[in-house]
Amino acid sequence: MTSDDLVGASRLPSVGTTIFTVMSALAARTGAINLGQGFPDFDCDPALVDAVAAAMRAGHNQYPPMTGIPALRQAVSDKIALTTGHRYDADAEITITAGATQGILSTVLALVHPGDDVIVLEPCYDSYGPSITLAGGNTIRVPLVPGTWRPDFEALARALTPRTRLVIVNTPHNPSGTVWTAGERARFAALLAPTRALVLSDEVYEHMVFDGVAHASMSGLPDLAARSVVVSSFGKTFHVTGWKVGYVAAPAALMREFRKVHQFNVFTVNTPVQHGLAHYMEDPRPYLELAAFYQRKRDLFRAGLASTRLRLLPSEGSYFQCVDYSAISERSEEDFCRWLTTEIGVAAIPLSAFYEDGRNQRLARFCFAKRDDTLNSALQRLARL
Ligand SMILES: Cc1ncc(COP(=O)(O)O)c(C=O)c1O
């Protein structure tokens, strides 16, 4: 018997190589500037590297506590209290994870039983669907309003049933860059109030909200905080996506279930990085100043694109800028992004990658978490459009 015969049916039959990997490889092969995959091309604060190196030298190199080191859980609790007003108990309500992605998978595995419905708002980050499938749940896809990507509360109300175990939301939003308003959050809370549905709130871009608007964390409203698991990522906030460290915050009853899975999933997360982060976060400025840092990059990038035939969609938060290319090309999104990479020399991601049905709306996503000279070089190339 071959290995293929022995493997038999796949647990995730529709998962293949992602478009992010494909476009990054194409960009590397063709020498294109990679504005596709979402990661910074600049380094983190050297003080953070020093803090991690100091932790290693001080001998913080063995297993930490399963839930994360107390100093980092306290730093996260303080950060959330400062930014959203909600105080999580650092011992019972916060766990340090191996990035947000592990936080998302462990949350879904902990809370979703086989046959439960889980609502996702499409377009969405590509780990949600496979996480739900692995838990044996049914993914119920509710589209965000096409063109504006605001939550569609009527469609959401229709999708909510007694079978709904979990609703996954994401603000600021990848890929569209939209940010929920306080009003939308309140409407969401009212919609869920008569139900038993839980919420998984993916807030990895929480510190990248522009134009003076406040991030509408699900932890900021008591009714939502009581039913939400909030997930975030130090990788996004401190320009260290490769460190894969994040956190999950939730009321104690939900956190107890989360930790049962976390314990046998990763058990613990990189010790010296946790010590380094705890030390670095004693100063809140790096995360409080992040929105201004990225807003300037957004404005630089948008100003450069304004003279092209690309139509700019709003970017209220995150480090993504979406464009409508229908004035330039009738190609499918994937074909257009391949053409843009090979012929213009700038890689982007087709929005279709964030939909189950791969629909084509002639939209592409750029990541502007890049050095100014990278953005300027990309703009020079894109000026041909
Ligand atoms: C919406 C969203 N959630 C989660 C993640 C994953 O974060 P991490 O790298 O911390 O696992 C990403 C990364 O791109 C993301 O865009």
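The structure is a predicted model.

**First stop: the ligand**

Begin by selecting the ligand, which sits in the second largest pocket. Next, display the residues around the ligand: Gly99, Ala100, Thr101, Tyr125, Asn170, Asn174, Asp202, Val204, Tyr205, Ser233, Lys236 and Lys244.

Which helix gives the largest share of the shell? Select residues 99-111, which form helix H5; this helix contributes 3 residues, the largest share.

Now select Thr101 and show its side chain. A polar atom of this side chain lies 2.6 Å from an oxygen atom of the ligand. Move on to Asn174, where an N or O atom of the side chain is 2.8 Å from a ligand oxygen atom. Then select Asp202: an N or O atom in its side chain is 2.6 Å from a nitrogen atom of the ligand. How much of the ligand's accessible area does the protein cover? On its own the ligand has 400 Å² of accessible area, and the protein covers 92% of this area.

Is Ser318 buried or exposed? Ser318 counts as buried because its relative accessible area is 0%, and the cut-off for a buried residue is under 20%.

Note on methods:
Residues are numbered from 1 along each chain as its sequence is written. This is a predicted model: local features need pLDDT of at least 70, side-chain atom pairs count only at pLDDT 80 or more; totals for chains, interfaces and linings use all residues. Side-chain values use heavy atoms; hydrogens and water are left out. A residue is near a molecule or strand if one of its heavy atoms lies within 4 Å of it. A polar contact is a pair of N or O atoms within 3.5 Å; within protein, one must be able to donate a hydrogen and the other to accept it, and residues adjacent in sequence count only if both atoms are side-chain atoms. Accessible areas come from the Shrake-Rupley method with a 1.4 Å probe; for residues, only the protein chains shown count as cover. On a 1 Å grid over the protein atoms alone, a cavity is a set of points where a 1.4 Å probe fits but cannot get out, and a pocket is an open set with protein on both sides within 12 Å along at least five of seven lines; lining residues have an atom within 4 Å of a point. A molecule sits in a cavity or pocket if more than half of its atoms lie within 2 Å of its grid points. Helices (H or I, at least four residues) and strands (E, at least two) are DSSP runs, numbered from the N terminus. Buried means under 20% relative accessible area, exposed over 50%, partly exposed in between (1.4 Å probe, protein chains only).
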